[in-house]
Amino acid sequence: MTKMTTLKRKALSCLSIALLFSAPVIFNQNMGGNIANAQSSAQLGKEKTSVKVPAMRNRVYTQLARAQKLADEGNGLEGFDVLDEVQDRIDSLNSYERAMLWNFYGFMYYGNDDVASAIDSFEKVIDENAIPETLRLSTLYSLAQLSMQMQNFPQSLKFLVLWQATNDKAITDTQQVLFAQVYYQNKQYQQSLHYVSQAIKQSIAANEIPKENWLILQRANYFELKQPIEVTAVIENLVRYYNKPKYWLQLSAMYGEIGQEDKQLAVMEGAWQAGYVTQSTDIITLVQLYRFHNVPIKAANLLAEAIDSGQVIAQEKYLEMLANAYMAAKDDEKSIPVLIKAAEISETGKFDAALAQAYLNLEKWQLAINSANEALSRGDLASEVSLGNMYLAKGMAEFNLQKFGDSLSAFEQAKKIKSSAKTAKQWFQYVEKEQVAKQNLAMLN
């Protein structure tokens, strides 16, 4: 493979302009085509413009062909030397010959990764007046692309506007997208949106699927314009046409953003069933959605499975989330081992407090007392309400074990706390009566 063949392929790759989005390429990559078609291009140019385009003389043609041959054989530096020889006699060249000389320089500079020099050479091409209109158009478009590659977006837009003013053909969808890309980089989002939307419409009208990066650009413009409903509609199309996991997750998030929570859950659940929900953060999002929609058992089952499989780390906050889901689902039995594990790694008594309540619900009185005592001992409970609840739980459990004195002591403590005072007072009175009744019964016996 010759060096020039490699450069041609490299030019084809580089001119994709891999910035934020890929751009269409019409860059002249074949110098042989330039030489062979020089006369026909000049003739076409004559037909399109009133400016008379001079012909390329044979001696200039021969030297440019020689430079091309050297470049094709991998002798790029010698090819430049030949072009320099032609440039030394530039005063003797006509406008079209000068334009073709600068065109060759531009191509060879670009092949050597010298984009700045390529731009400088191509600008000299369009500075010539008597050149074929086709050459002017292709050079302006290439200049727009190269300027974009250099991230000089205002200059890229300048060349595109000049190209559009000169071009009398309908703009293709790929050309529409280049306009959209440059406008986007210039932060002119409404103009960018106009062009990319036109490209998408043209594609759909031709019964073609819009390119993925076009839809991404359209979505980016709507996002910048703060139009979340339109952003959502574009992501719906991305799901429809490209069906990638990330688009399902984005769509679910956007439904939540625009207040369509039912669709948010439906899409997220569909993504889970399709195997698209694999990251811990996304799993937790689905768990929270289940809780928000009052489906705690699904939340618990999903989170338990994720913790068991290692997709979600069994850290304190997720164990608490799992236990709360079980308790919301009225499954205290399953919440207990989770709470025990959480209590082992927690520095506070909040999980012991939750255990006390779970044991109380399951009528495991002594275990409820033990957990309540542990919660009170460890302290740092979430609130005064939690503290009051522990004394209440302890008092109820002691009562059910017929330990009236201990029960009354617990309720006495609960009466001192504002949040539990009223309930504690009622229980205190009830336990006192039960204690007296039991004592009277014992005396009768």
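**Figure 1. An aromatic cluster in a predicted model.** Tyr 141, Trp 163, Phe 179, Tyr 183 and Tyr 195 are linked into a cluster by ring pairs. Rings of Phe, Tyr and Trp (its six-membered ring) pair if their centres lie within 6.5 Å; planes under 30 degrees apart count as stacked, over 60 as edge-to-face and the rest as tilted. The structure holds 15 aromatic pairs. The model is predicted: local features need pLDDT of at least 70, side-chain atom pairs count only at pLDDT 80 or more, and totals for chains, interfaces and linings use all residues. Residues are numbered from 1 along each chain as its sequence is written, and side-chain values use heavy atoms, with hydrogens and water left out.

**Figure 2. Lysine charges over phenylalanine rings.** Lys 158 places its charged end over the ring of Phe 159, 4.6 Å from the centre. Lys 415 lies over the face of Phe 428, at 4.0 Å from the ring centre. A charge sits over a ring if NZ of Lys or CZ of Arg is within 6 Å of the ring centre and within 35 degrees of the ring normal.

**Figure 3. The largest nonpolar core, around Leu 64 and Leu 83.** This core has 71 residues, and Leu 64 and Leu 83 touch the most other members. Helix H6 (residues 95–111) gives the most to this core, with 10 residues. A second, separate core of 55 residues includes Met 268, Val 312, Ala 323 and Leu 392. A nonpolar core is a set of buried Ala, Val, Leu, Ile, Met, Phe, Trp, Tyr and Cys residues joined through side-chain atoms within 4.5 Å. Buried means under 20% relative accessible area, exposed over 50%, partly exposed in between (1.4 Å probe, protein chains only). Helices (H or I, at least four residues) are DSSP runs, numbered from the N terminus.

**Figure 4. Helix H12, residues 212–224**. Its 13 residues reach 19 Å from first C-alpha to last, close to the 18 Å expected at 1.5 Å a residue; the expected span is 1.5 Å times one less than the number of residues. H12 is largely enclosed by the rest of the structure, because 10 of its 13 residues are buried. Among them are Trp 214, Arg 219 and Tyr 222. The buried residues of H12 pack against helices H10 (173–185), H11 (189–205), H13 (228–242) and H14 (245–257). Just after H12, Lys 226 takes a positive phi of about 60°.

**Figure 5. Asp 352 in helix H20 (residues 350–361)**. Asp 352 is buried, with a relative accessible area of 7%. Leaving aside neighbours within four places in sequence, Asp 352 is in contact (heavy atoms within 4.5 Å) with Ala 343, Ser 371, Glu 374, Ala 375 and Arg 378.

Notes
Helix = DSSP H or I, 4+ residues; strand = E, 2+ residues; numbered from the N terminus.
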